Amino acid sequence: MRSDYLFTSESVSEGHPDKVSDQISDAIVDLFLSKDPEARIACETLTTTQLVVLAGEIRCKGVYEDGAWAPGAQEEIEKTVRDTVKRIGYEQDGFHWEKLEFINRLHGQSAHIAQGVDAADNKDEGAGDQGIMFGYATDETPDLMPATLYYSHKILERMAADRHSGAAPFLEPDAKSQVTLRYEGSLPVAATAVVVSTQHVPGYDEGDKEAELHAYVKRVIADVIPPVLLRETVYYINPTGSFEIGGPDGDAGLTGRKIIVDTYGGASPHGGGAFSGKDPTKVDRSAAYITRYLAKNVVAAGLATRCTIQIAYAIGVSEPLSLYVDTHETGTVGDDKIEAAIKGIAKLGGLTPRGIRTHLGLNKPIYQPTAAYGHFGRKPEGDFFPWERTDLVDDLKAAFA
């Protein structure tokens with residue numbers, strides 16, 4: 001395993017067009033789950049200049065049943081969409097929460113999918129689709145996330161907070177960041193490059209105002225990344241020069257196009273499935289959450305300093321097809337023994353879709369906060385981000401006592 005190398009991860013802000021789409025899709029998921037915890041949702045969102053389009057399959061008691069919308073349901077969906085865009089901060093000529101055109105093309109879930117997924121008679125609930133999902137954890141940061149992605153997210157979170165508070169009134173919602181770290185002995189020792197491109201109000205692309213914007217971004221970077229890592233950093237701030245036109249007006253957005261930003265910044269494999277817009281019966285989402293939970297607890301328990309976990313499912317089948325653990329030669333016990341320990345923890349429910357949802361409490365409207373700045377490495381609070389808890393540590397330690 002290489003111990004000296006450069007590695008890079010990127011993040012995008014809540015105002016990035018793809019992230020606008022993700023947040024709208026998850027706002028719809030939360031709306032439906034607030035009405036019916038057993039709702040089925042697969043909501044895709046397209047955003048472009050003054051337009052939002054919803055498409056996908058749904059089933060939700062009290063909202064959409066027997067091929068028809070309940071009274072007022074479509075109006076509530078439209079309000080949810082507009083409120084989401086307003087919260088992000090889009091009041092621009094090319095994309096405005098109040099003026100945009102809204103088209104709803106959601107429709108009923110396929111009966112053929114439903115019969116394979118739903119529990120019936122002596123059949124347990126099956127996975128909502130086939131696929132492979134990965135979870136990952138590393139001790140590089142307190143949140144057990146890759147440092148490159150951790151810092152990329154934190155830069156944009158800070159800038160968004162300053163924009164919303166008015167501390168940085170020259171910022172607009174769309175932004176991207178990228179952090180390159182040099183590793184020695186598998187630990188980051190220097191940030192060799194930091195890229196930040198941020199949408200701005202007119203005039204902040206030349207002269208004193210451009211200098212003010214650049215100075216502000218460098219202060220944010222210095223607050224987020226430890227000074228010891230910034231000794232040889234090259235900064236690329238709005239390298240194209242101007243960034244006035246952004247968001248869905250500058251580039252069309254689609255749900256699910258930022259899956260690496262959503263997960264581990266490229267430090268771990270990805271199964272290919274997106275998260276946002278999907279209810280938790282879809283294992284693309286729920287199994288990715290449980291594998292992060294398992295990997296994080298393995299590292300938190302001191303069984304490894306890095307851990308990747310893969311799980312696989314077939315549509316309509318409840319039991320996982322495989323479970324694979326790789327501690328990248330950092331484990332204190334064998335990877336096969338960790339696999340066996342995980343399988344032996346009864347409260348995980350055999351890692352079936354129902355078992356995952358029950359253990360993590362996923363049938364709740366908790367998803368819109370996941371749709372910007374990553375699904376992982378977040379602080380578990382109340383019902384939110386339960387897959388970030390480290391409450392499996394004692395069970396794992398007990399398996400090796």
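Me: Helices are DSSP runs of H or I with at least four residues, numbered from the N terminus. Which residue takes a positive phi just after α2?

Reply: This is a predicted model, so every value here is computed from it. The residue is Gly 89, with a positive phi of about 115°, just after α2.

Me: How many residues has α2, and what does it reach from its first C-alpha to its last?

Reply: Helix α2 covers residues 73-88. It has 16 residues and reaches 23 Å, close to the 22 Å expected at 1.5 Å a residue. Helix α1, residues 17-35, can be read in this way too: it has 19 residues and reaches 28 Å, close to an expected 27 Å.

Me: Which residues of α2 are buried?

Reply: A helix has 3.6 residues a turn, so residues three or four places apart point the same way. Keep that in mind while reading the list. The buried residues of α2 are Ala 73, Ile 77, Thr 80, Val 81, Arg 82, Thr 84, Val 85 and Ile 88. As for α1, 17 of its 19 residues are buried, and this helix is mostly covered.

Me: What do these helices pack on?

Reply: Start with the sheet. Strands of a sheet pair through backbone hydrogen bonds, either parallel or antiparallel. Here an open sheet of four strands has the order β8-β3-β2-β13, and its pairing is mixed. β8 (101-108) and β13 (253-254) are the edge strands, each pairing on one side only. Strand β3 (residues 51-59) runs parallel to β8, joined to it by eight bridges. Within this pair, Glu 57 stands opposite His 107 in β8. Helix α1 packs on the sheet, where it touches β2 (40-48), β3, β8 and β13, and its direction makes about 150° with that of β2. Helix α2 also packs on the sheet, touching β3 and β8, with its direction at about 125° to that of β8.

Me: Which strand is antiparallel to β9, and how many bridges join the two?

Reply: Strand β14 (residues 306-313) is, and eight bridges join it to β9. Strand β9 (residues 131-138) is largely enclosed by the rest of the structure, because six of its eight residues are buried.

Me: What does Ala 295 touch?

Reply: Ala 295 is found in helix α8, residues 283-300. Setting aside residues up to four places away in sequence, it touches Gly 135, Tyr 136, Ala 137, Cys 307 and Ile 309. Ala 295 counts as buried, at 0% relative accessibility. For a distance across the model, take Ala 68: its C-alpha atom is 43 Å from that of Ala 295, and the two are 227 residues apart along the chain.

Me: How many residues has the largest nonpolar core?

Reply: In soluble globular proteins, nonpolar side chains tend to be buried together. The largest core here has 72 residues, and those with the most contacts inside it are Phe 32, Leu 54 and Ile 342. Helix α8 supplies the largest share of this core, 10 residues. Apart from it lies another core of 30 residues, including Leu 171, Tyr 183, Val 194 and Val 224. Beyond its neighbours within four places in sequence, Phe 32 is in contact with residues including Ala 39, Ile 41, Ile 58, Trp 69 and Leu 106.

Me: How many salt bridges are there?

Reply: Side chains of opposite charge can pair when their charged atoms come close. The cut-off for a salt bridge is a side-chain nitrogen of Lys or Arg within 4 Å of a carboxyl oxygen of Asp or Glu. By this rule the count is 22 salt bridges. Asp 18, Arg 257 and Lys 258 are linked in a network of them.

Me: How far apart are the closest N and O atoms of Arg 158 and Asp 162?

Reply: They are 3.2 Å apart, and the two residues form a salt bridge. Arg 158 and Asp 162 are four residues apart in helix α4 (residues 147-165), so about one helical turn separates them. Arg 158 is partly exposed at 32% relative accessibility, whereas Asp 162 is buried at 13%.

Me: Which parts does the pair Arg 182 and Glu 232 tie together?

Reply: Arg 182 and Glu 232 form a salt bridge, with their closest N and O atoms 2.8 Å apart. Arg 182 lies in strand β10 (residues 171-184) and Glu 232 in the loop between α5 (207-224) and β12 (234-237), so the pair ties together parts 50 residues apart in sequence. Arg 182 is partly exposed, at 24%, and Glu 232 is partly exposed, at 40%.

Me: Are Asp 284 and Lys 278 buried or exposed?

Reply: Both are buried. Their side chains meet in a salt bridge of 2.8 Å, N to O.

Methods:
Residues numbered from 1 in each chain as written. Predicted model: local features only at pLDDT ≥ 70, side-chain atom pairs only at ≥ 80, totals over all residues. Heavy atoms only, no water. Buried < 20%, exposed > 50% of the residue type's maximum accessible area, 1.4 Å probe, protein only. Pairing = 2+ DSSP bridges. Expected span 1.5 Å × (residues − 1). Contact = heavy atoms within 4.5 Å. Core = buried A, V, L, I, M, F, W, Y, C linked by side-chain atoms within 4.5 Å. Axes fitted to C-alpha atoms, helices over the stretch in contact; angles between N-to-C directions.
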